[in-house]
Amino acid sequence: MEAITVFGAGSWGTALADLAARRNHDVVLWCRQEEQARAINATGRNPRYLSEAPLCPSLNATGDLEEAASHSKCWILAVPTQAIREVLDRLVPFSPEPLSICNAAKGIEIVSRKLIHEIVLEILPEARYSVLSGPSHAEEVVAGQPTAVVVASSDSREAAFWQGLLNGGTFRVYTGTDVVGVEVGGAVKNVMAVAAGVARAMGLGDNAVAALVSRGLAETMRLGARLGARPLTLAGLAGVGDLMVTCYSHHSRNFRLGLALGEGLSLDEALARLGQVAEGATTVKAVVALARELNVELPLAEAVHRVL
């Protein structure tokens, strides 16, 4: 049994905290709002996200950042990408040594155009870093449906460590060392899912959506190659796998955002209907800015940027 802290009580953070608790780990879930933490502890359910799912009875929640950080030396980051820097800055005074971080967020920071591992390296340079990604809707993970993901770290032992913590039952964890490839795949697929949702809402047909997803993969690989990603990474769970599940499923918040936009709603109206963070709506700004800086052509990402 390992002590684990999950930062972020949205759908994915909640699902991962429940998963880890059911692996018999001692898990604390950090919530931004204390009332959300109290509700989870009192009812065994997250009142805002995955509210129909009963959570593992041993899972504890807190709104106290210091308490959450002090609970363990194993942190899972499941906060929105654009909030990661702010949360990590607040965590610096409480960071233990040694510290293992497994990032579960998907995106690129707008202001710096940095991938998440670069942000963590800047703020917590001594931390051992891994990233978890793949086709993994929180709704299906918390329901115990079969799911396969990849954990990547520049240190293969660190990836194997997180695999050992989370792998089991219907949740299969593979390992790799291509952190850049996994992060690029997770970021760009959200942008392509918005485009897929727009195309679906406009009734453009299966052929058009399949073409869009295929060309979206090409753009992901083009940007990934420029940043040093390995092509095989993006041909696997973190690339093709995540792209497919995000572009074809109504579980996908980014796909549903695209559906709303394709129906004629404004971005503000679409986000209000969604009621949750859709990383693609913000990540597209960073993806396009980074691609322009690197002189990489991403016509689909550019089109989504213009729509948003």
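Predicted model: local features only at pLDDT ≥ 70, side-chain atom pairs only at ≥ 80, totals over all residues.
How close do the axes of helix α8 and helix α15 come, and at what angle do they cross? The axes of α8 (residues 179–201) and α15 (residues 299–307) come within 9 Å and cross at roughly 65°. Axes here are lines fitted to C-alpha atoms, for helices over the stretch in contact, and angles run from 0 to 180 degrees between N-to-C directions. That makes α8 roughly perpendicular to α15, a label for angles of 65 to 115 degrees, while under 35 counts as roughly parallel, over 145 as roughly antiparallel and the rest as oblique.

Residues are numbered from 1 along each chain as its sequence is written, and side-chain values use heavy atoms, with hydrogens and water left out. Helices are DSSP runs (H or I, at least four residues), numbered from the N terminus.

Returning to α8 and α15, Val191, Met192, Val194 and Ala195 of α8 meet Leu300, Ala301 and Val304 of α15; contact means heavy atoms within 4.5 Å. These residues divide into 7 nonpolar, no polar and no charged. Nonpolar covers Ala, Val, Leu, Ile, Met, Phe, Trp, Tyr, Cys and Pro; charged covers Asp, Glu, Lys and Arg; the others, Gly among them, are polar.

A second pair is α9 (residues 206–227) and α14, whose axes come within 11 Å and cross at roughly 60°. They are therefore oblique to each other. On the α9 side the contact uses Leu223, Arg226 and Leu227, and on the α14 side Val287, Leu290, Ala291 and Leu294. This contact has 6 nonpolar residues, no polar and 1 charged.

Next, consider helix α12 (residues 253–262), where 7 of 10 residues are buried. Buried means under 20% relative accessible area, exposed over 50%, and partly exposed in between (1.4 Å probe, protein chains only). Among the buried residues are Phe255, Leu257 and Leu261. Their cover includes α8, α11, α13, α14 and α15. After α12 comes Gly264, with a positive phi near 105°.

Finally, Glu158 lies in helix α7 (residues 156–166). Is Glu158 buried or exposed? At 5% relative accessibility, Glu158 counts as buried. The Glu158 side chain makes a polar contact with the side chain of Arg128, at 3.1 Å. Such a contact is a pair of N or O atoms within 3.5 Å; within protein, one must be able to donate a hydrogen and the other to accept it, and residues adjacent in sequence count only if both atoms are side-chain atoms.

How values were computed: Helix = DSSP H or I, 4+ residues; strand = E, 2+ residues; numbered from the N terminus.
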